[in-house]
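This briefing walks through one chain by topic. Keep the sequence and the structure open beside it.

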Amino acid sequence: MPATRERQDVNGNAQLGGEHHDPPPKAGRTRSSDNGGYWAALALILGLLVPVLGFVAVWMGISAHDARKDANKAVAAVSSGSAMAGMDMSGGGDLQSFAGQAPSNADVLAKKHAAMDATLPPAPSGPVARVNLVLVDKTIEIAPGVRYSAWAFSGGAAAALIHVRPGQKVELTLTNKGVIPHSVDFHAARIAPNVAFKDVQPGGSIHYSFVANDAGAFMFHCGTKPVLAHIANGMYGAIIVEPRKPLPPADKNYVLVASEWYLSSPGFPKPAGLNMAKAQQQQPDWVSWNGYAGQYVTHPLTADPGDTVRFWVVDAGPSFDTAFHVVGTILNRAWVNADMTQFQRNVQTAVVPAGGGGVFDVKIDQPGLYPFVNHSFASVDLGQVGLLNVGNVKGTMSH
Ligand SMILES: [Cu+2]
């Protein structure tokens with residue numbers, strides 16, 4: 001963020017600074033040939049303009065400098081943990097990677113860990129869907145034996161899955177039991193964000209409602225500044241809104257939320273916190289489906305041969321896109337960008353952008369273990385891989 005901001009400021013200044021070096025307008029040059037007094041007048045005007053522009057340039061420079069200072073201060077506050085009581089946010093500019101580091105008994109711990117249920121829960125009946133999010137500061141496990149001091153909606157990261165019917169009124173309540181302000185931004189809502197998504201102070205709560213008229217797989221997340229830190233700390237989830245016109249039937253519906261983790265320490269024996277510098281540089285230590293690296297490798301999702309399996313995929317980021325791919329098959333239907341009005345057929349890989357969604361059907365006849373991955377393979381290396389076990393076959397993937 002600050003890097004972008006700086007570039008904009010630099011560009012702004014460069015343009016402004018360049019103005020008084022520009023040649024006079026073409027029309028002026030033409031006129032000057034038959035009017036000797038013109039240049040004198042122009043010189044006088046320019047003489048007056050240069051100090052004015054100079055002053056503006058200096059003022060802009062100071063504003064840009066202040067903006068940068070503010071941005072850097074915000075980042076420093078996050079990195080040092082001074083504004084984030086209870087969080088270990090050490091690490092500042094240290095980009096040491098803890099990728100793949102786990103306790104020696106990681107395999108045992110992975111098997112013991114209860115995988116998040118990826119099954120799409122049923123939508124409530126009736127005209128209203130009530131959603132209560134209670135934000136708590138909580139230590140969670142994000143990879144085998146790797147613990148993280150998260151900010152968690154409803155106790156998890158990702159948050160508990162939300163499923164609503166088309167046209168239902170979503171009555172949302174967020175209660176902040178954390179120690180700093182938080183908020184919640186629902187991508188499925190068309191609503192004034194300055195009102196609905198505003199910060200909730202610790203101990204407070206906010207209520208708003210919207211009608212789920214847009215179908216798709218949507219992200220929701222904390223929108224409190226710096227948003228990068230709030231999402232990186234676990235404040236995200238998925239809300240699924242089915243279209244009014246029913247989709248082709250599916251035998252299984254699974255929801256997958258992609259996200260990255262940026263650690264201040266290995267996460268064992270002490271829980272890790274956020275390393276903001278790594279988040280800014282997009283150098284995660286772990287990348288996960290539903291908040292825990294590799295959980296569906298040890299606890300595969302299941303289907304029978306011939307089943308239509310529907311994946312509702314949301315990419316929470318905060319920064320990586322997901323190139324969704326199922327090894328050993330082709331996406332029969334791909335509602336790209338979760339545009340539920342149309343689907344593409346027979347797609348090998350479909351991009352789900354950070355902050356976006358996608359819905360994908362596969363129909364696999366041959367029993368086996370079919371990995372679902374982010375085909376941007378750095379993410380697989382960091383844990384964004386799971387298995388679909390078709391036909392209850394034994395064993396695991398050798399690769
Ligand atoms: Cu937050």
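What is the mean pLDDT of the chain, and what share of its residues reach 70 or more? The mean is 83, and 76% of the residues reach 70 or more. This is a predicted model. The chain has nine helices and 19 strands. Of its 399 residues, 39% count as buried.

**Confidence**

- Residues 1–83 have pLDDT below 50. Beyond near neighbours in sequence, this stretch has 55 contacts in the model.
- Residues 85–91 also have pLDDT below 50. Here the model shows 28 contacts beyond near neighbours in sequence.

**Contacts along the chain**

**Sheet with order 2-1-4-6**

- Four strands form an open sheet in the order 2-1-4-6. The pairing is mixed.
- Its edge strands are strand 2 (146–153) and strand 6 (205–211). Each of these pairs on one side only.
- From one strand to the next, the twist averages 25°.
- Strand 1 (residues 128–143) pairs with strand 2 over eight bridges. The two are antiparallel.
- Within this pair, Lys138 lies opposite Ala150 of strand 2.

**Sheet with order 3-8-7-5**

- Another open sheet of four strands has the order 3-8-7-5. Its pairing is mixed.
- Strand 3 (162–164) and strand 5 (185–186) are the edge strands. Each pairs on one side only.
- Strand 3 and strand 8 (residues 236–241) run parallel, joined by three bridges.
- Which residue in strand 8 is the bridge partner of His163? The partner is Ile240.

**Ile239 in strand 8**

- Ile239 belongs to strand 8.
- Is Ile239 buried or exposed? Ile239 is buried, because 26 other C-beta atoms lie within 10 Å, against a cut-off of 20 or more.
- Ile239 and Phe218 are 21 residues apart along the chain. Their C-alpha atoms are separated by 5.2 Å.
- Leaving aside neighbours within four places in sequence, Ile239 is in contact with Ile162, Val164, Phe186, Ala188, Phe218 and Phe220.

**The largest nonpolar core**

- The largest nonpolar core holds 96 residues.
- Which of them touch the most other members? They are Phe218, Ala238, Ile239, Val255 and Trp312.
- In soluble globular proteins, nonpolar side chains tend to be buried together.
- Trp312 touches Leu120, Ala217, Ala238, Ile240, Asn253, Tyr254, Val255 and Val359. That list does not count residues up to four places away in sequence.

**Strand 12 and its partners**

- Strand 12 (residues 308–317) is mostly covered. Nine of its ten residues are buried.
- Strand 9 (residues 252–261) runs parallel to strand 12, and eight bridges join them.
- Leu256 stands opposite Val313 in strand 12.
- Strand 17 (residues 357–363) runs antiparallel to strand 12, and seven bridges join them.
- Thr308 stands opposite Lys363 in strand 17.

- Strand 18 (residues 368–374) is joined to strand 13 (residues 322–326) by three bridges. These two run antiparallel.
- Opposite Val326 stands Phe372 in strand 18.
- Six bridges join strand 18 to strand 19 (residues 385–390). This pair is also antiparallel.
- Tyr370 has Leu388 in strand 19 as its bridge partner.

**Ala110 in helix 4**

- Ala110 sits in helix 4 (residues 106–112).
- Why does Ala110 count as buried? Ala110 counts as buried because it has 21 C-beta neighbours inside 10 Å, where 20 or more are needed.
- Ala110 and Ala143 are 33 residues apart in sequence. In space they are 7.6 Å apart, C-alpha to C-alpha. Ala143 falls in strand 1 (residues 128–143).
- Not counting residues up to four places away in sequence, Ala110 touches Pro144, Gly294 and Thr298.

Terms used:
Residues are numbered from 1 along each chain as its sequence is written. This is a predicted model: local features need pLDDT of at least 70, side-chain atom pairs count only at pLDDT 80 or more; totals for chains, interfaces and linings use all residues. Two strands pair if DSSP finds at least two bridges between them. A residue is buried if 20 or more other C-beta atoms lie within 10 Å of its own, exposed if 12 or fewer, and partly exposed in between; C-beta atoms are placed from the backbone. A nonpolar core is a set of buried Ala, Val, Leu, Ile, Met, Phe, Trp, Tyr and Cys residues joined through C-beta atoms within 7 Å. Two residues are in contact if their C-beta atoms, placed from the backbone, lie within 7 Å. Axes are lines fitted to C-alpha atoms, for helices over the stretch in contact, and angles run from 0 to 180 degrees between N-to-C directions. pLDDT is the predictor's confidence in each residue, from 0 to 100.
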